[in-house]
Structure formats: structure tokens, C-alpha cells
Amino acid sequence: MANALFIVSEEGYWGEECIEPLTTLSDAGVEITVATPSGGPPVIDEQSVDPDEVGEETATHVAEVHETDERLRNPEALADVTPDAYDAVVFPGGHGTVWDINQDRHARAALRTAVEDGDAKALVVCHAVGILAFTRDSDGGFLVSGRNVTGFPNAWEDGIVTEQELLPDGRKLPYWVEDELNAAGGNWDAELDAETSVTVDGDLITARGPSSSHEAALVLLDEMGISP
């Protein structure tokens, strides 16, 4: 049986970006392990379960899975998992990832292992794509250098933060994903005119945001040779 490791934020993951791939892969028979930086339950961004923000159907579904799925309720500590034991590593997005997942050395090692080992795949969604700007390859260069990627664009971020770059919850955004990916040598294209944006470059799959989550999960399954 194929398996996948989900590395999820304790600072605020975006519900659909985790729950959609989680349930899609599970329905396809993929065995899922969830890990967080400290081993505590992942924290959901309250906006991502707000019906006014995401719609009643999505909010209800995401909240239910978040509250009842035992894999999310009882995750592993990231330092205790073995990344090369998995066929895929999935990094759901959300603003919270900029504070924990993207800055975690074990998360970066898991990403590098998946992209470089030739057998596994990595799916990185939305703000989690920022981890690519801080992950080095085995030779010391940026893992993203020369790779085609998508992710959460500046044009969207600009509509969320204040002039002081404060998020709605009052936290200051420490960096913008698009800027960091460009600085690290990635070939950035968030395909702003398209309804969804999922980019495949070798064993690396990146997705723009919530609306791309389902397509990203299907692309990952296809890259793994699994029928949905």
C-alpha cells in the first residue's frame, strides 16, 4: 500500500488545503501519517472554517474532518518520523506555515528527501511553498533554483495584509512567498488568469491555494501511479 506523510502547521493551516488532499488520498487507498513540528494537534485557521469566507459546505466538511480525524487529533512529532519511508510528503498551506513548517529543519529535510531521492513525490500548497526558499539541496544550493513553481501570489497577499503587513489576527507577515521564491531562483508563475494552478517539476508538485487543492491531490495520485 502506498503511503504519504502530511506535515501540518500548529500555527494555523488552511482547512481545505489539508483536508481535500487528505481525504482524496485516503479514498484512493493511500495510508496517511500526520506529523506536526512538536507532535501537538495541528491548529486550523479559523477563517478557513468560516462559512462567510469559504461557503457553508466547505466550512462544515473541513471542520468535521479536523475535529474527528484521528490522524489529525493524534499526530506524530516531526522529528520522530522517517521521511524516506513514505511515497509522498504533503505540505498543506496556510499563513501559519510561515512561522513553523517553513522554518523547521526536519520539514526541510523531509522535502529535500522527497524531491531528491527519485522515488518519492512532494506536494507543497499555497504559503507552504515558502519552504522552498529556505531549503538547500544536497550540494548546498537552493532546492528551488531553476524549478518551475506556483504558490500564494503577491497579488493575493496584498489584498489581505495592512500597510504595516499585519494579518487579520494582528501578526506581522515576516515574508511574502512570491518574493522569496524569486530570490531563491525559482521560476515563478501563479497563473493568475487560471481558475486553478498546479505545477509539476520532476518530483516536486506545487499548488497555488485552496481552489487548487483538489486538482493538486489528483495530480499527486497520478504522479504516484494511483487511480483516484
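These legends go with close-up views of a predicted model. Local features need pLDDT of at least 70, side-chain atom pairs count only at pLDDT 80 or more, and totals for chains, interfaces and linings use all residues. Numbering runs from 1 along each chain as its sequence is written, and side-chain values use heavy atoms, with hydrogens and water left out.

**View 1. Seven strands make up an open sheet with mixed pairing.** The order is β3-β2-β1-β4-β5-β9-β8. Strands here are DSSP E runs of at least two residues, helices are H or I runs of at least four, and both are numbered from the N terminus; two strands pair if DSSP finds at least two bridges between them. At the edges sit β3 (76-77) and β8 (198-201), each with a single partner strand, so one side of each has no neighbour in the sheet.

**View 2. β8 meets β9 (residues 204-207) in an antiparallel pairing.** Four bridges link the two strands. Look for V200, which stands opposite I205 in β9.

**View 3. Helices α1 and α8 on the sheet.** Contact means heavy atoms within 4.5 Å. Helix α1 (residues 15-27) touches β1 (3-7), β2 (31-36) and β5 (121-125), and its direction makes about 170° with that of β1. Helix α8 (residues 213-223) touches β4 (88-91), β5, β8 and β9, with about 25° between its direction and that of β8. Axes are lines fitted to C-alpha atoms, for helices over the stretch in contact, and angles run from 0 to 180 degrees between N-to-C directions.

**View 4. β1 is covered on both faces.** Five of its five residues are buried, meaning under 20% relative accessible area with a 1.4 Å probe, protein chains only. N3, L5 and I7 are on one side, A4 and F6 on the other. β1 pairs with β2 in the parallel sense over five bridges, and A4 stands opposite I32 in β2.

**View 5. The largest pocket holds about 240 Å³ of space.** A pocket is an open set of points on a 1 Å grid over the protein atoms alone, where a 1.4 Å probe fits, with protein on both sides within 12 Å along at least five of seven lines; lining residues have an atom within 4 Å of a point. There are 14 lining residues, with W14, E53, H95, F152 and I160 nearest the centre. By class, the lining has seven nonpolar, four polar and three charged residues; Asp, Glu, Lys and Arg count as charged, Ala, Val, Leu, Ile, Met, Phe, Trp, Tyr, Cys and Pro as nonpolar, and the others, Gly among them, as polar. Volume is the space filled by probe spheres set on the points, which are joined across faces, edges and corners.

How values were computed: Buried < 20%, exposed > 50% of the residue type's maximum accessible area, 1.4 Å probe, protein only.
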